[in-house]
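Hi everyone, and thanks for coming. Let me put a structure up on the screen, and then we can walk through it together.

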Amino acid sequence: MHKAVKENADSGNIKELKYVFADCLDVDPTFEKYKEDYEYCQKQVPELFETHKDITPLTENQKEWNYNYWRELKIDLVNNFSKKRFEHMRKVAKVVYAEKIKIINEKRETEAEAEKTQSTVWQKTDNIKQNNNIVHNGINSSKHKTREEQEREIKEEKEKIARENSYVEEKIKKQEQQPAVTARPKKVNIQNTGDNRKEDDSLKKLIGVLLGIVIILVIFMILISQ
């Protein structure tokens with residue numbers, strides 16, 4: 001609806017409304033742009049419409065529907081704004097402005113087609129965005145799954161190292177529980193004693209190395225999972 005028409009209708013400016021509707025069919029002989037305005041005025045300003053008076057005789061003979069006839073109708077409408085005269089003018093405008101109506105309709109069809117094309121483009125764009133979101137979500141799921149696999153591998157590695165440590169500790173305990181070899185008082189086997197110490201030292205070094213490996217693996221797995 002046109003803002004000026006609404007303002008004049010709400011304020012009861014009858015004079016201005018008459019001029020608007022007297023010229024509206026020159027602007028848009030199809031009357032599509034003014035239908036809402038006209039309906040609003042009929043409800044909001046019923047006093048706009050006057051009892052019909054015969055000034056220029058109305059004719060249904062389309063051969064007489066020319067520009068001169070049209071001009072007389074417009075003048076009469078301002079002086080006597082009757083529904084009968086205005087509805088007659090809507091029919092006359094379709095003849096007087098036939099070429100203009102053809103151009104207007106072609107333009108509207110072009111605009112409608114362009115709007116339809118634009119709507120299709122936006123729809124395809126939305127579909128692409130939705131597909132990208134699906135792919136993106138799929139990638140995120142894949143990353144999440146890989147992280148779970150990494151966590152599982154870390155857990156398995158920890159369990160493996162724990163088993164190896166347990167095995168080493170058990171072996172050390174067994175060796176400590178074995179009775180010492182009875183040696184002759186005057187002949188102490190210094191070589192065997194040195195070997196045992198070396199073996200104990202080796203086991204302790206092995207435990208230290210394994211613990212170091214555990215720490216390095218845990219740090220490495222944490223960095224990968226981030």
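Predicted model: local features only at pLDDT ≥ 70, side-chain atom pairs only at ≥ 80, totals over all residues.

Residues are numbered from 1 along each chain as its sequence is written, and side-chain values use heavy atoms, with hydrogens and water left out.

So, the layout. The chain has 7 helices and 0 strands. Helices here are DSSP runs of H or I with at least four residues, strands are runs of E with at least two, and both are numbered from the N terminus. Going along the sequence, the pattern reads α-α-α-α-α-α-α. Of the 226 residues in the chain, 23% are buried. By buried I mean under 20% relative accessible area; exposed is over 50%, and partly exposed is in between, with a 1.4 Å probe and protein chains only. Now contacts, meaning heavy atoms within 4.5 Å. Among contacts between residues at least 6 apart in sequence, 73% join residues at least 24 apart.

Let's go inside. In soluble globular proteins, nonpolar side chains tend to be buried together.

Please find Phe 86 on the screen. Setting aside neighbours within four places in sequence, Phe 86 contacts Phe 21, Cys 24, Leu 25, Phe 31, Tyr 38, Leu 77 and Phe 81. Phe 86 is also one of the buried residues of helix 5, along with Arg 85, His 88, Met 89, Val 92 and Ala 93.

Now for the charged residues. Side chains of opposite charge can pair when their charged atoms come close. A salt bridge here is a side-chain nitrogen of Lys or Arg within 4 Å of a carboxyl oxygen of Asp or Glu. How many are there by this rule? The count is 8.

One of them sits in helix 1, where Asp 10 and Lys 6 lie 4 residues apart, about one turn of the helix. Their side chains meet at 2.9 Å, N to O. Asp 10 is partly exposed at 41% relative accessibility, and Lys 6 is partly exposed at 37%.

Next, look at Lys 74. Its side chain forms a salt bridge with Asp 23 (3.1 Å, N to O). Asp 23 is in helix 2 and Lys 74 in helix 4, so this pair ties together parts 51 residues apart in sequence. Lys 74 also bridges to Asp 26 at 2.4 Å, N to O. Both Lys 74 and Asp 26 are buried. Through shared partners, Asp 23, Asp 26 and Lys 74 join into one network.

Is Asp 76 buried or exposed? Asp 76, found in helix 4, is buried but has no salt bridge, and the nearest side chain of opposite charge, Arg 85, is 4.4 Å away. Asp 76 does make a polar contact, side chain to side chain, with Thr 56 at 2.7 Å. A polar contact is a pair of N or O atoms within 3.5 Å; within protein, one must be able to donate a hydrogen and the other to accept it, and residues adjacent in sequence count only if both atoms are side-chain atoms.

Last stop: Asp 28, in the loop between helix 2 and helix 3. Asp 28 counts as buried, at 1% relative accessibility. Its side chain reaches the backbone nitrogen of Lys 33 at 2.9 Å, and a 3.2 Å polar contact joins the side chains of Asp 28 and Arg 108.

Note on methods
Lys, Arg positive; Asp, Glu negative; His and termini not counted.
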